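This report covers aromatic pairs and salt bridges. Please look over the sequence and structure before reading on.

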Amino acid sequence: MHDWGFGMGFGWIIPLLFIFALFYFINGNNNTDRESARDILDRKYANGEIDEEEYKRKKELLKH
């Protein structure tokens with residue numbers, strides 16, 4: 001009979017972990033570039049896209 005050993009049954013785990021780690025590091029580092037909801041709200045108010053009343057209302061909603 002053939003003795004396939006440990007590698008044949010679990011040898012696929014290492015390449016799978018490598019691929020998973022590669023995707024994690026490629027996609028996981030983008031979180032630092034995201035603006036928070038408060039930053040977006042502040043920017044829209046500063047650019048005149050929303051008025052003061054809407055700014056205050058939405059800012060209050062973000063506190064909860």
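Rings of Phe, Tyr and Trp count as a pair if their centres lie within 6.5 Å. In this predicted model, a search of the whole structure turns up two aromatic pairs. Tyr-24 and Phe-25 have ring centres 5.5 Å apart and planes at 75°, so this pair is edge-to-face. Both Tyr-24 and Phe-25 are exposed.

Tyr-45 and Tyr-55 make a stacked pair, with 4.4 Å from centre to centre and 20° between the planes. This pair links distant parts of the chain. Tyr-45 sits in helix α3 (residues 37-46) and Tyr-55 in helix α4 (residues 52-63), 10 residues apart. Tyr-55 has 12% relative accessibility and counts as buried, because buried means under 20%.

Now the charged side chains. The whole structure holds four salt bridges. Among them are these:

| Salt bridge | N to O distance |
|---|---|
| Glu-52 and Lys-56 | 3.0 Å |
| Glu-54 and Lys-58 | 2.8 Å |
| Glu-60 and Lys-63 | 3.8 Å |

Glu-52 and Lys-56 are four residues apart in helix α4, so about one helical turn separates them. Glu-54 and Lys-58 are also four residues apart in helix α4, again about one helical turn. Glu-60 and Lys-63 lie in helix α4 too, three residues apart, about one turn of the helix.

Glu-52 is partly exposed at 41%, and Lys-56 is partly exposed at 49%. Glu-54 is partly exposed at 23%, as is Lys-58 at 32%. Glu-60 is partly exposed at 40%, whereas Lys-63 is exposed at 57%.

How values were computed. Residues numbered from 1 in each chain as written. Predicted model: local features only at pLDDT ≥ 70, side-chain atom pairs only at ≥ 80, totals over all residues. Heavy atoms only, no water. Phe/Tyr/Trp six-rings, centres within 6.5 Å; stacked < 30°, edge-to-face > 60°. Buried < 20%, exposed > 50% of the residue type's maximum accessible area, 1.4 Å probe, protein only. Helix = DSSP H or I, 4+ residues; strand = E, 2+ residues; numbered from the N terminus.
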